[in-house]
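Visitor: Please take a close look at the side-chain contacts in this model. I would like the ring pairs and the charge pairs, with the geometry and the cut-offs behind each call.

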Amino acid sequence: MSCAAVISVEGQPDEELGQTVRVEVEERIGEATRYRMKYPLAADAGDFPLLTDDRVGPGTAMSVTVPSDGPMGTCLVRGPVTGHRLELRHGTGGSWVEVQGMDTSVVMDREARSTMWSAVTDSEAVGTIVAGYGYVPDIESTAARHLDSAHALVQRESDLRFIRRLARRNGAAFWVTTDATTGVETAHFKRLGSHMAPDVALAVNVDPPSLDRIEISWDVERPTSVTASQLDLAGVSVFDGNVAASPVAPLGARGLAAITGDTRSIHLAAPADDAGGLQARGEAALIESDFFVRATGSTSRSRLGAVLRAHDVVELQGAGSLHSGSWIVSSVSHRIEGEGHRMEFELIRNAWGA
């Protein structure tokens, strides 16, 4: 059965592997993108040829591309095969294999390293690492510089885990995308919502709708400011790392602090060399807590006329004066069967109002 997605092996479309029963791609902020492709298993001379086919063997680079506005569509994921899951049934039919894989960032998680990063910022360290894997860097600068004479920047984990640690403490996200036309891969290291305007509209209760459903919830019991102070290493002066509000602009008219109208603070105790480094830690904590509105929903590519991607900013329409406006896509589960392409998604927001 033909599939709405193009399946490629080592950069080349494979028509035979395009006859998959189902393709699933899972995108989520803070995680590698995963894919699963399900194929029927046919026996031949007592064996199952697909299970020993190098095209779906360990480490083979497979990709999933779907139609979109671009000339070559949108590449949802590209990366190595990491495993199989299969079921064998007695008789002539019903056996199947699911080919599983992840985006190429998994390669960055294969080797533990012991490195002392000298006189660099977090963003400079990230840029150096991703360039070594052949990625085009799309890195948002961080301010604090780590000196050997103070709190050195020490890596005692894989490159991927190290970068994700730096992302968390700067309120940023790290992810990899592939250009469907050129095959060029870009490594992104950015704070959410700070770099994009909405380019996809999710419409409900308006004609024509582009959503099947959406469920919205919010929780305001979370901090809106950070208090922090430390002595320098010489113990002669105190620097202030207080953060009055999240540095990410609200995606609507009223942010969390404006809604609560009172003081909700946490005390931050983290090693830092100066006020800039301590403030970056506080900002990261507030960025995470600031997204107090969440939504889940579903749609299809044919209904929406676009492909949702994690980390994108979208506009929700028809959700009333409180919840209509800009949202960030925190996860998308793509399910492609035949010509159909379903998308289950999660959204996050740090504001009320359009």
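Guide: What follows goes through the ring contacts, then the salt bridges, and ends with the backbone.

The model is predicted, so local features need pLDDT of at least 70 and side-chain atom pairs count only at pLDDT 80 or more, while totals for chains, interfaces and linings use all residues. Residues are numbered from 1 along each chain as its sequence is written, and side-chain values use heavy atoms, with hydrogens and water left out.

Across the whole structure, a search finds three aromatic pairs. The centres of the rings of Trp-218 and Trp-352 are 5.2 Å apart and their planes stand at 75 degrees, which makes the pair edge-to-face. Rings of Phe, Tyr and Trp (its six-membered ring) pair if their centres lie within 6.5 Å; planes under 30 degrees apart count as stacked, over 60 as edge-to-face and the rest as tilted. Trp-218 belongs to strand S16 and Trp-352 to strand S26 (residues 351-352), so this contact ties together parts that are 134 residues apart in sequence. Helices (H or I, at least four residues) and strands (E, at least two) are DSSP runs, numbered from the N terminus. Trp-218 is partly exposed at 45% relative accessibility, whereas Trp-352 is buried at 12%. Buried means under 20% relative accessible area, exposed over 50%, and partly exposed in between (1.4 Å probe, protein chains only).

Trp-352 also pairs with Phe-292: the ring centres are 6.1 Å apart and the planes at 55 degrees, so this pair is tilted. Phe-292 sits in the loop between helix H4 (275-290) and strand S22 (293-300), 60 residues from Trp-352. Both Phe-292 and Trp-352 are buried.

Elsewhere, Lys-38 lies over the face of Trp-96, at 4.5 Å from the ring centre. The criterion is NZ of Lys or CZ of Arg within 6 Å of the ring centre and within 35 degrees of the ring normal.

Next come the charge pairs. The structure has 27 salt bridges, each a side-chain nitrogen of Lys or Arg within 4 Å of a carboxyl oxygen of Asp or Glu. Among them is Glu-98 with Arg-85, at 3.3 Å from N to O. Glu-98 is in strand S7 (residues 96-102) and Arg-85 in strand S6 (residues 74-87), so the bridge ties together parts 13 residues apart in sequence. Glu-98 is buried at 3% relative accessibility, while Arg-85 is partly exposed at 42%.

Asp-138 and Lys-190 form another salt bridge, with their closest N and O atoms 2.9 Å apart. This pair links strand S10 (residues 136-139), which holds Asp-138, to strand S14 (residues 185-191), which holds Lys-190, 52 residues apart. Asp-138 is partly exposed at 22%, and Lys-190 is buried at 15%.

Arg-264 bridges to Asp-262, also with closest N and O atoms 2.9 Å apart. Arg-264 is buried at 19%, and Asp-262 is partly exposed at 40%. A network of salt bridges links Arg-22, Glu-24, Glu-26, Arg-36, Arg-335 and Glu-337.

Last, the backbone. Most peptide bonds are trans. The bond from Asp-207 to Pro-208 is cis, with omega near -5 degrees; Pro-208 is in the loop between strand S15 (201-203) and strand S16 (213-218).
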